[in-house]
Amino acid sequence: MTSVRTHLWFGNDKAVEAAHFYAEHIPGSTVTRVVTARTSPDDRVADVVEFIVAGHPVIGLNAGPVFHLNEAFSFYLSVEGQEEVDHYWDLLTADGGEPGACGWCKDKYGVSWQLIPRELEELSGDYSTEANFRVAQAMLKMGKIDVAEIQAAYDGA
């Protein structure tokens with residue numbers, strides 16, 4: 001059977017640590033397998049970790065600093081309400097993570113995340129109404145998404 005999984009190269013050798021962090025903090029996440037690839041018993045080539053993030057299968061690779069994660073790839077984490085926005089934003093930007101614009105942030109392992117409340121998805125609609133445009137304009141001025149401000153923009157306040 002053909003399948004697709006996301007494959008991330010951690011140039012900082014933090015794939016296994018990151019997988020365990022996600023498994024501990026994000027519902028529906030688990031580490032399923034860790035393997036050290038070798039060309040001989042004493043020659044470690046890479047660490048490979050298979051894990052699931054919120055139900056999404058991922059392979060992480062520690063194979064040296066040739067390639068690095070960047071914003072060209074991100075996990076889109078859909079959450080409910082300001083409390084979840086605040087919780088995951090604080091979690092993902094802690095200990096060396098970085099806040100970004102428009103709901104984007106980077107965790108301490110270098111993985112980019114889009115932290116988007118369902119309210120933003122619903123109120124931005126298909127960007128075809130004036131209210132949708134106001135929501136988009138409000139969102140473009142934010143780092144962490146403020147649900148109340150998005151709702152106020154939608155309502156025209």
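Predicted model: local features only at pLDDT ≥ 70, side-chain atom pairs only at ≥ 80, totals over all residues.
Me: How is the pair of Phe21 and Tyr22 arranged?
Reply: Look at the angle between the planes; over 60 degrees counts as edge-to-face. Phe21 and Tyr22 are edge-to-face, with 70° between the planes and 6.0 Å centre to centre.

Me: Are Phe21 and Tyr22 buried or exposed?
Reply: Buried means under 20% relative accessible area. Phe21 has 11%, so Phe21 is buried. Tyr22 is buried too, at 0%.

Me: What kind of pair do Tyr22 and Phe51 form?
Reply: A tilted one: the planes stand at 35° and the centres are 6.2 Å apart. This pair links distant parts of the chain, 29 residues apart. Tyr22 sits in helix α1 (residues 15–25), and Phe51 sits in strand β3 (residues 43–53). Phe51 is buried, as is Tyr22.

Me: Where does α1 lie relative to the strands?
Reply: α1 lies across β2, β3 and β4. Its direction is at about 20° to β3.

Me: What is the strand order in the sheet that holds β3?
Reply: The order is β1-β4-β3-β2, an open sheet with mixed pairing. β1 and β2 (30–40) are at the edges; each has a single partner strand, so one side of each lacks a neighbour in the sheet. On average, neighbouring strands are turned by 20° against each other, direction ignored.

Me: In which sense do the strands of this sheet pair?
Reply: Take each pair separately. β1 and strand β4 (residues 56–62) run parallel, joined by four bridges. Leu8 has Gly60 as its bridge partner in β4. β3 and β4 are antiparallel, over seven bridges. There, Glu50 stands opposite Ile59 in β4.

Me: Which face of β1 is covered?
Reply: In a regular strand, side chains alternate between the two faces of the sheet. In β1 (residues 6–9), Thr6 and Leu8 make up the covered face. His7 and Trp9 make up the uncovered one.

Me: What is the order of the other four-stranded sheet?
Reply: The order is β5-β8-β7-β6, again open with mixed pairing. β5 (74–79) and β6 (98–99) are the edge strands, each pairing on one side only. β6 pairs with strand β7 (residues 104–106) in the antiparallel sense, over two bridges. Pro99 has Cys105 as its bridge partner in β7.

Me: Which partner does Glu80 have?
Reply: Glu80 forms a salt bridge with Arg118, 3.2 Å between the closest N and O atoms. The two are 38 residues apart: Glu80 lies in the loop between β5 and α2 (81–93), and Arg118 lies in helix α3 (residues 118–124). Glu80 is partly exposed at 41% relative accessibility, and Arg118 is partly exposed at 33%. Elsewhere, salt bridges that share partners join Arg5, Arg33 and Glu50 into one network.

Methods:
Residues numbered from 1 in each chain as written. Heavy atoms only, no water. Phe/Tyr/Trp six-rings, centres within 6.5 Å; stacked < 30°, edge-to-face > 60°. Buried < 20%, exposed > 50% of the residue type's maximum accessible area, 1.4 Å probe, protein only. Pairing = 2+ DSSP bridges. Axes fitted to C-alpha atoms, helices over the stretch in contact; angles between N-to-C directions. Contact = heavy atoms within 4.5 Å. Salt bridge = Lys/Arg side-chain N within 4 Å of Asp/Glu carboxyl O.
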